[in-house]
Structures are given as C-alpha cells and as structure tokens.
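Please consult the sequence and structure shown here while reading.

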Amino acid sequence: MKRILTPVTLALLLLAACKKNDRPMEPEKPEAEYLRLVISDADKAQITVLEPVTKKTTVYPIRSSKPSLYATGTGQFATIISRAANVVEFFNTGIEAHGGHLHVHPPEMSPVQFTQAGPTHFFAHEGLNAIFNDGAGSLSVFKDSDLEDGEGRILPVAAPHHGAMVIYDDHTIVVTQKDGSASGTLPEKVKIIDRFGVTLHESRIVTKGIHGDAGNGRLAAFGSQDGILIVNQNGTQNLITYPTDFGTNWFGTVLGKKGLPHFFGYTAALGLYKIDPANSQITAVLKNENQSIVQYVLDTEGKYLYVLLKNGNLKVFDAVTVQLKTEGRITAAIPDGTAAADIPFFAVSQKVVYVTDPASAAVKMFNAANLKETGSVNVGGKPFKLLVVGDQKGLKAEEH
C-alpha cells in the first residue's frame, strides 16, 4: 500500500533533516586570535606586547623610551626606531603567515639591530622594508627573513639629510637626494635605484625642499614646497601645484596605500586633502579649524581613513570615495597645550580601534564598525604609541 505524506508530516521530516545536517555556526570573534599590540612607554625604555583576545601583557626592555613604531610588510615584526640612540630594534611576534594559515613560534626580541646614524623614516611594501638614516645618508634595506638569520643591506644613497624613500611593486626604490641648492636639511629631489643601490633613473625635478612620502606600488608622492612631486616607477616625474588659497603652505605629510589611486596630504595650517594624480587636483577632505585634527591614519588595506579630533571624536571616511562613513567619541576632549606624552594615540585593525589612555595606564577598545567601546586593558606604565602587528584576518595556526 502506498504511503501518503500529509503536509504536517512532510514539514516535520524536512525539519528533522535540516537539524541533522546543520552545523553550529562559529560565533564572530571580536578580534583575530593572533593579532598583537605593541605599546611604547613615555617614561620607560620598554615595550608592552598585548594579546587583545586573552588580555595577556608581556614587557620587553628596549634601548630608549618614546621610540617610533612601524610594522614590517608581513606584520610579523615590529620595527622600533630610537633615533636619538642611533639604533633600530625589532620585536618578532613569531606569527608567520603561510598562505591561508599561520605558523606560530614563541615571541622574542630579534638578535638583529641596526646602528646607522639618525634612523628616521620607514617604508614597507611587498615584503621589502627600508629605513632612511639621516645621519649617514644611507638606506637600511631588508626582508623579514634578514631579521632572523641575516642583517639586511646598507646602501649609501646621498649626502646626510632628512630623507625619505618609497618602495615600488617591482622592489625598485625612489629615494631623496640632497644637492645643497636649498638651505637646511630637507632634500631637493629624488632618484630611482634598484634594491642593490644601482641608479635606474636620475632626478628630473628640483624643488625647494621635500618632506613627506607615500606610495601605492606604481606611484610615489612626496610633499614639497613647490607642489606634490609624483614619481612613476618608470622614472617620469611631475608636480601637482597647490590650490591658490594655500599661499605659502605645503604638505609635509602624505598618506597612501597599495590599491588606492589617490593620496592624502596634510598641512597643520589648513587640514587634510585628497591628492588626485590622474587629474592633477587637490581637494579638501577635512579643514583643520582651530587646529582640531590630532591624528590621522589609513588602515592596513587602505579601505578607511581615520581622523581623531581634539573634542575626542573619531571620524571614519571611506578612503576610496572620501565620504564620511561614521563618527563617534573614543576619548575625552584634549585641551590645548596638552603635552605629547598625555595625548591619546590610536591604532586600527580590521575589527577594532585601539586607543591609549595615558592617565589610567590603559588601552581601550572600540568596535571599528560602530565605534562602541568593547573593553579596556590596564597595560601599566604610561602608554605612548600603539602598533598593530601579527594577523588581522583571523587565520588558524597549523603545525609545520
């Protein structure tokens, strides 16, 4: 006899089948398990490494307080530049990305140190890293592997000056040159070399002074008194002139990321601007009214531009469309005249905005999507600057 299923019976069977095949969804984690924060101190020669998921902190001694912090291109190492001490140190997170997974080793300070005079500007791109040493007029060029079993390469590239460099996709490097035509320590021009120091393209434009650098893999942008110097990796150079209302003001800071077709420039007197190389245009993003801008950064992927204001508000712009995405308060208002060591400093990951609170020796955490506070960790001392290193994608660790 043929069995006929009623609608109710059929629905119950389908529900049972769904329950049998369903697998529990893994809850969304507030942060990647193997992301790390490196925190410098305003008073002590140390860094504190924070694991945001477990809240674990570990202190490592370094050569001086208030160093500059930069992540290498892979994110495995924190570069710790103590300019006054003429030394560069490295913290190895032990977190190595291998395709779609991680290899995780015990963290440690790298045995490798650089001791060129006046290490200052840092740039990382496509696995290659470089530091311009002002006091020596040289570049320290290295890959992450050099920090485990090597020492990198020192390239003499110019007379000593306050220099900078940008690395292209093909690992050629555009680096500043000092010819003495302008007074002071700022360079006047740039040339392109390979990673071994061989000159590929000589300088073509001489300015009255360069400061600030950024790159997107194909183009480099340098702030100069004469305009924004755009340098293509094929050696061509041109200047984008400033708007007429700039007067004598010029960009001393430039931001950029791989994949972004444009750059961002900043001058304290006027504010933050978009620099469009394709159309040779400079347009305002956020005016610096009453000197309200405290800090501005692009995230690692160049998706968002974050701007902290003195009133404690963080504005988040879509870095491509340059439209305001969201804003919210992440710190108390910062009074005029506040000492640098007492000013909150923020860093961003794909999921979280981290902010120092020097007065309470804490790091606060805010959801990057809505800027709602999600936690706080006491890290001791007087936290100064923050750096995101390790893994931001939430990859899993696997054995070798």
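## Salt bridges

Arg83 is partly exposed, with a relative accessible area of 43%; buried means under 20% relative accessible area, exposed over 50%, and partly exposed in between, with a 1.4 Å probe and protein chains only. The model is predicted, so local features need pLDDT of at least 70 and side-chain atom pairs count only at pLDDT 80 or more, while totals for chains, interfaces and linings use all residues. Residues are numbered from 1 along each chain as its sequence is written, and side-chain values use heavy atoms, with hydrogens and water left out.

Arg83 forms a salt bridge with Asp134 at 3.0 Å, N to O. A salt bridge is a side-chain nitrogen of Lys or Arg within 4 Å of a carboxyl oxygen of Asp or Glu. The pair links distant parts of the chain, 51 residues apart: Asp134 lies in the loop between β11 (128-133) and β12 (138-142), and Arg83 in the loop between β5 (77-82) and β6 (87-92). Strands (E, at least two residues) are DSSP runs, numbered from the N terminus. Asp134 counts as buried, at 7% relative accessibility.

The whole structure contains 11 salt bridges. Another of them joins Lys382 and Asp342 at 2.7 Å, N to O. This pair also links distant parts of the chain, with Lys382 in the loop between β33 and β34 (383-390) and Asp342 in the loop between β29 (324-329) and β30 (346-348), 40 residues apart. A further salt bridge is formed by Glu301 and Lys303, at 3.4 Å, N to O. The table gives the accessibility of the residues in these two pairs.

| Residue | Relative accessibility | Class |
|---|---|---|
| Lys382 | 22% | partly exposed |
| Asp342 | 38% | partly exposed |
| Glu301 | 36% | partly exposed |
| Lys303 | 45% | partly exposed |

Tyr70 is found in strand β4 (residues 68-71) and counts as partly exposed, at 29% relative accessibility. Leaving aside residues up to four places away in sequence, Tyr70 touches Phe77, Ala78, Thr79, Ile81, Thr120, Phe122 and Leu387, where contact means heavy atoms within 4.5 Å. The C-alpha atoms of Tyr70 and Ile80 are separated by 6.8 Å, and these residues are 10 apart along the chain.

His101 lies in strand β8 (residues 101-104) and is buried, with a relative accessible area of 19%. Beyond four places in sequence, His101 touches Glu96, Leu395, Lys396 and Glu398. The side chains of His101 and His103 are joined by a polar contact of 3.2 Å. A polar contact is a pair of N or O atoms within 3.5 Å; within protein, one must be able to donate a hydrogen and the other to accept it, and residues adjacent in sequence count only if both atoms are side-chain atoms.

## The second largest pocket

The second largest pocket has a volume of about 240 Å³. On a 1 Å grid over the protein atoms alone, explored with a 1.4 Å probe, a pocket is an open set of points with protein on both sides within 12 Å along at least five of seven lines, and lining residues have an atom within 4 Å of a point. The volume is the space filled by probe spheres set on the points, which are joined across faces, edges and corners.

The second largest pocket is lined by 15 residues, and Pro30, Glu31, Val352, Met365 and Thr374 lie nearest its centre. The elements giving two or more residues to this lining are β31 (352-357), β32 (362-367) and β33 (373-378). β32 gives the most, with 3 residues.

Note on methods:
Helix = DSSP H or I, 4+ residues; strand = E, 2+ residues; numbered from the N terminus.
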